[in-house]
Amino acid sequence: MSSTREATSAQPATGPTATDRLRQVTVLVGAVVAIVGAAYGSGAFGGQAIQDAADGALSADATVVAPDGPAFSIWSLIYLGLAVFAVYQVLPRTATDPRLRAVSWWVLASMLLNAAWIGVVQTGVLPLSVLVIAVLVAVLAVILVRLVRTPPTSRVQAVVLDGTIGLYLGWASVATLANVAATLADAGVGELGLGASSWGVVVVAAGAALSVAYAVFAARRPVAAIGIGLAMAWGLGWIAYGRANGPLLDSTVAVAAAIAAAVAILAPVVTTVRARRG
């Protein structure tokens, strides 16, 4: 009888733990704070807009690789996805989901980092903003790695989690390239001796190469892969539009960015189709 009791007590609990409940509530509350803080810091409630911060260093015509103004509307979709995720992960039935256990804290960290990046930009300390956004992309990359390791438990989860993180990572990656270029320009080293057009081509080519790397790595998770590709194509496409139509014209960068945008959208389609056939 005692051996039966020992065997029973040795079995792992299948229900939610106190840690699960703590994680769910903390992520929900943290998401609300981070999203509201980011919206306030970016000027949604009447404050200074990001493009006007740091003496306009991140404006649509600050550098040849700055996305045109409408590009930033993608944040509305990303914030919506993060808000839905925060509600989804707090549902009782998702408390013990292994994927949510693996990534929820990281998602919260990414939201707090995004809010921190906005705060740093508003202070005008651009080198620090590069560090913060680089850490943000690294955190999102960790989430992607963990999502690729295990399949989504439902189609809803694939859209809410994989899709949101895909858009978030894709856009943050393009924003990082633009942030680096803006910081170099603000520091007076600008195009690193290459000239504006050549430097712009190098940056958007790096964006295209990064989009291919993401597509190859995330090929087994089509929602995440395509989300990344869409967001990167969106950002690169608005760089192309800005250089073709904005006050800072550069036809060479416009063409290069348009090609990079096409690569970003086609790469995940090719890799996910190949992964499915394989």
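**Legends to close-up views of a predicted model**

View 1. The unreviewed UniProt entry assigns the feature "transmembrane region" to residues 25-50, 70-91, 103-120, 126-147, 159-184, 196-216, 223-241 and 253-273; UniProt positions follow the numbering used here, feature names are shortened, and annotations may be inferred rather than shown by experiment. The model is predicted: local features need pLDDT of at least 70, side-chain atom pairs count only at pLDDT 80 or more, and totals for chains, interfaces and linings use all residues. Residues are numbered from 1 along each chain as its sequence is written, and side-chain values use heavy atoms, with hydrogens and water left out.

**View 2. Two of the annotated segments.** Residues 196-216 are 100% helix and 0% strand, with end C-alpha atoms 31 Å apart. Residues 25-50 are 65% helix and 0% strand, and their end C-alpha atoms lie 30 Å apart. Helices (H or I, at least four residues) and strands (E, at least two) are DSSP runs, numbered from the N terminus.

**View 3. The overall fold.** The protein comprises 9 helices and 0 strands. Its radius of gyration, taken over C-alpha atoms, is 21 Å, close to the 19 Å from the globule rule (2.2 Å times the number of residues to the power 0.38) for 278 residues, so the protein is as compact as a globular protein of that length.

View 4. Of the contacts (heavy atoms within 4.5 Å) with a separation of 6 or more, 81% join residues 24 or more positions apart.
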